[in-house]
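Here is a short tour of a multi-chain model, with an eye on how its parts meet. Have the viewer open beside you as you read.

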Amino acid sequence: MLLTYLKVFLTGGIICLIGQILITKTKMTSARILVLFMCLGVFLEGVGIYQYVVDFGKAGATVPIIGFGRTLAKGVIKDVSTKGFLGIFTGGLAATAAGIAASVIFSFFVALIFHSKTKHS
Amino acid sequence: MNKEERNKKYLAYVSSKSPKTREWPTLFYAFVIGGLICCFGQLVNDTLQMWFPAMTETELGAWTLIVIIFITCVLTGIGVFDDIARFAGAGTIIPITGFANSICSSAIEFRREGIIFGMCAKMFTVAGPVIVCAVVSSTLVGIVYLLI
Amino acid sequence: MKSNRLGNSTIVFKNKPRIESYYSMVGQKEAKGPFKKYFDYILNDDLCGKKSFELAEREILERTIIGAIDKGHVDFNEIDFIIGGDLLNQIISSSFSARHFEKPFIGLYGACSTMSESLAIGAALIDGGYANKTICATVSHFSTAERQYRTPLELGNQRPPVSQWTVTGAGATILSNSAKGNYVSMATFGKVTDYGVTDANNMGAAMAPAASETLVEHFLDTKRRPEDYDLIVTGDLGKLGSEIFRDLMEHRGYKLGGNYSDCGQMIFSRDQRTFQGGSGAGCSASILNSYILKQMDAGKFNRVLFMATGALLSTLSTQQGETIPCIAHAVVIEREQEKSTEKVNNTQKKPKIKRSSN
């Protein structure tokens, strides 16, 4: 139990650490970092490596945006094998629909309620 | 001295003079907070599994993300998220929290320009590239798998 | 022909446009800095009770202009022109505010350099006899600038260590042709200068060359030296920018001493997490119209060179990877003093004859 959480912590922490190194070294903006890590996830799943990371790190590997990319690739690969050509178009977004839809819906209602605030520090 | 040479010299001088981020603290915070967010994800995952033993692994993963996204959006709305993110840096950008925050902050920001052309249209100003690249890259993977 | 001009870019105001009144208004964060006691008004709420930050910015400018009129007991009917600008696209804050005053309005855009630009133009109008009284005012707001130039306010990202903090604040100066008071004696208009900096966060480094070009030009035109001023103050170069500026000036043969300072560096104290300091059109405007002019009234400074600096970039130009062109305008403000004014006149006459003869 505790060991699982230690593995999750280490995996998630190291992925974020790599991101932070990129931010400080290359002055990348957050949008670029997100795109880069997402594409990395698609690639790693595409070549079949990322499953090992998920087996080791569990949520530590799926919660970062890199896991979002992995879900995309996984969905496409699955749909291509079952539906053939159509799977290329349906697989990715279908697999990640929950994350995207949740972000949009919660953002929509939050934005109806709250206003942005001036920052003091 | 021509202008290009002058500019080159000046830029080299500026970058030598510019202060660098103090790396160790930011790396430490990114590592710890990023790790903690993932642990929280695992906790949500395990709790859900306990309550609903019938759920598949994919479903559990989706619910975990939804819970984290919900918390992120609320924290963004009450104006706390960016205070955490200032310390955490990549620790909050890399987990799904960064993706949710980028959508939510844009939605709140442009709310004042109206719901349709403000909030709805500008919601993806930061996160748009992520979704576009997601579709493009996954399509590429799909094509490769179709061919082999 | 060029009797009112010195050298290439300096104009001299012989009729001494006077500073009749001045007023400054800042937000809460600025009031936590070291100059709190000098500001005329401190806002409790950055929104000013309005629905959006853009409306608030307008409100701040309007209140500042009215404040300057009230403070100097100026008759509003005597005012001929309102001159001003801000940082937003199409300078909406200034022009939208100006519609309430129903006075001829001259809208300027020089980014953060707008305060000195408007003072120079206002002084020229009075000196030429085209106006009796002009209001020169600029404003900036952290939240509007942030959303226009950078990212949404609630987006969780880290500010780079070279960045500056846009000041929420405004300053207004009323210039007039009256007989006494501190006056604007000359102005040096700057050239657009670009040393190839592309990092839109590092404004100090982008603007420092423009500032040094203008100041060197000013010294060449007037045959003055840095020691001739009690205070040389730049607009918003920030900590890094003003260090670079010092180096550039020394490289050109003018060593700036303890009489040099920078509004951006002054306005926030170190522990306010603003990295390089303040920026924005309201930064130089609020410091000039509070600390500097009050200290001149008190007799602490007799001759001040105020040089606001501006980065003339837009979000489009940054995204297209273009370098940042910058500009700086300088105005000289002198304290009314019998002896020193004579000395000024002498120093002004000599180079004028030389230049016109060749």
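## Before we start

Two residues are in contact if their C-beta atoms, placed from the backbone, lie within 7 Å. Please keep in mind that this is a predicted model.

## Chain B at a glance

Let's begin with the overall make-up of chain B. It contains eight helices and zero strands, and reading along the sequence gives the pattern α-α-α-α-α-α-α-α.

How far does the C-alpha trace of chain B span along its principal axes? The answer is about 75 × 45 × 45 Å. The radius of gyration of chain B is 21 Å, whereas a compact globule of 148 residues would come out near 15 Å. Of those 148 residues, 43% count as buried. As for contacts within chain B between residues at least 6 apart in sequence, 58% join residues at least 24 apart.

## Helix α8 of chain B

Now zoom in on α8(B), which runs over residues 128–147. This helix has 20 residues and reaches 29 Å from its first C-alpha to its last, close to the 28 Å expected at 1.5 Å a residue.

Which residues of α8(B) are buried? They are Val130(B), Ala134(B), Ser137(B), Ser138(B), Val141(B) and Gly142(B). These residues sit on the same side of α8(B) because they cover an arc of only 150° around the axis. On the other side of the helix, Val132(B), Val136(B) and Leu147(B) are exposed.

What do the buried residues of α8(B) pack against? Their partners are α2 (30–46), α5 (65–83) and α6 (87–113) of chain A, together with α6 (96–109) of chain B.

## Where chain B meets chain A

Stepping back to the interface, 64 residues of chain B are in contact with 62 residues of chain A. On the chain B side, the elements giving two or more residues are α2 (23–51), α3 (57–77), α5 (90–93), α6 and α8. Of these, α8(B) gives the most, with 15 residues. By class, the side of chain B that touches chain A divides into 41 nonpolar, 20 polar and three charged residues.

## Where chain C meets chain A

Chain C touches chain A too: eleven residues of chain C are in contact with eight residues of chain A. On the chain C side, α1 (28–31) and α5 (142–149) each supply at least two residues. The side of chain C that touches chain A has four nonpolar, three polar and four charged residues.

Technical notes: Residues numbered from 1 in each chain as written. Chains lettered and ligands numbered in written order. Predicted model: local features only at pLDDT ≥ 70, side-chain atom pairs only at ≥ 80, totals over all residues. Helix = DSSP H or I, 4+ residues; strand = E, 2+ residues; numbered from the N terminus. Nonpolar A, V, L, I, M, F, W, Y, C, P; charged D, E, K, R; others polar. Expected span 1.5 Å × (residues − 1). Buried ≥ 20, exposed ≤ 12 C-beta atoms within 10 Å, placed from the backbone. Arc of directions from axis to C-beta. Rg over C-alpha atoms; globule rule 2.2 N^0.38 Å.
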